[in-house]
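Hi,

Here is the structure I promised to pass on.

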Amino acid sequence: MEKELLRVEGLTVKFRTYNGEVTAVNNLDLLLNKNETLGIVGESGSGKSITSLSIMGLLDEATSSVTGQALFRGADLVKMKEKEKQEYRGNHLAMIFQEPMTSLNPLHKCGQQIIESMLIHTDLTKSEAKAKAIDLLNLVGIPAPEQRFNEYPHQMSGGMRQRIMIAMALACDPALLIADEPTTALDVTIQAQILELLKELKDRLKMGIIMITHDLGVVAEVCDRVIVMYTGKVVEQGLIREILDNPLHPYTEGLIAAIPNIQDQKGKLSSIDGVVPQLTDMPQGCSFHPRCPYAMEICKARRPGITTLENGRKVRCFNYSMIEEVEEIKENGVTT
Ligand code: SF4
């Protein structure tokens, strides 16, 4: 059976702004297999959420342009007409967002909101859809599902509402689930329960999951592989264990150092100096150079390309490419 679920190649997203066109996602490649969780991690402004919205076809075409390919089981989501995209979104792809209260309709009962997409996208009757919704509430760990089916979002806690959102996302048995910061608005114990639930559901339903987050701790909990993004570009990519044990890119190193360590109560919390640059005001050369503790002269003048290492890991940094050139520049200075 085909293992590959989603192959994205050369995905580029541009926005038209009053200050001219800006590139929010630049030539991004990714691969997601069935029954696999891929993390996309980075700070706000790194392009991770725009990547997921462009794959889902949820960006406003009047102000943005998307090029490249996003092949879902061979069908290119980027080239699809809106009607076809809607069918894919209903039947094969689903997304959960950070704050369930903004995605749930406060005026409708939770059960009603779960069955809505089943009635639109499947042949189920209303009573079959209701039975499936109750099964889904059970699956996502909502106690007394028959009773909860008839309750409104305000009658539930934050963790319960996120479980309802997950049940809604699973209503049409999607093959691909995109979770955009699904636990950021929740307290830590509920966060751990939701991450555990997503892990279980992936194994049970054999879905592919893309987990968008700013938190490498979340990625460490649930992901098999990870992509680290900075200013719209992939800066590092590889297996989660390898990246956590041995980060290659200085930005990844900074993100890992910023994960709080509960054992080290006296240690100072670490952060990456500076802020992510505005898309309208990108520095020359490597976009991370103003914040990079290892920046060299070449980094201020040239943009590093992506280097694929022997074990398939990818990194965008002059420390891993153009080694001879870097050596020469260290000796003689930048000549370009
Ligand atoms: Fe730092 Fe230079 Fe590597 Fe960019 S290319 S991450 S500035 S060392």
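Strands here are DSSP runs of E with at least two residues, and helices are runs of H or I with at least four residues, numbered from the N terminus. This is a predicted model, where local features need pLDDT of at least 70, side-chain atom pairs count only at pLDDT 80 or more, and totals for chains, interfaces and linings use all residues. Residues are numbered from 1 along each chain as its sequence is written, and side-chain values use heavy atoms, leaving out hydrogens and water.

Let's start with Ser64, which sits in strand β4 (residues 64-72). Ser64 counts as buried because its relative accessibility is 6% (buried is under 20% relative accessible area, exposed over 50%, partly exposed in between, with a 1.4 Å probe and protein chains only). Its side chain reaches the backbone oxygen of Asp60 at 2.7 Å. Leaving aside neighbours within four places in sequence, Ser64 is in contact (heavy atoms within 4.5 Å) with Lys14, Phe15, Arg16 and Leu59.

Now the sheet: it is open, with four strands in the order β2-β1-β4-β5 and antiparallel pairing (two strands pair if DSSP finds at least two bridges between them). β2 (20-33) and β5 (75-76) are at the edges with a single partner strand each, so one side of each has no neighbour in the sheet. β4 and β5 pair over two bridges, and Leu71 has Asp76 in β5 as its bridge partner.

Finally, which strands does helix α1 (residues 48-56) lie across? They are β1 (4-17), β2 and β4, and the helix runs at about 110° to β1 (axes are lines fitted to C-alpha atoms, for helices over the stretch in contact, with angles from 0 to 180 degrees between N-to-C directions).

Cheers

Terms used: A polar contact is a pair of N or O atoms within 3.5 Å; within protein, one must be able to donate a hydrogen and the other to accept it, and residues adjacent in sequence count only if both atoms are side-chain atoms.
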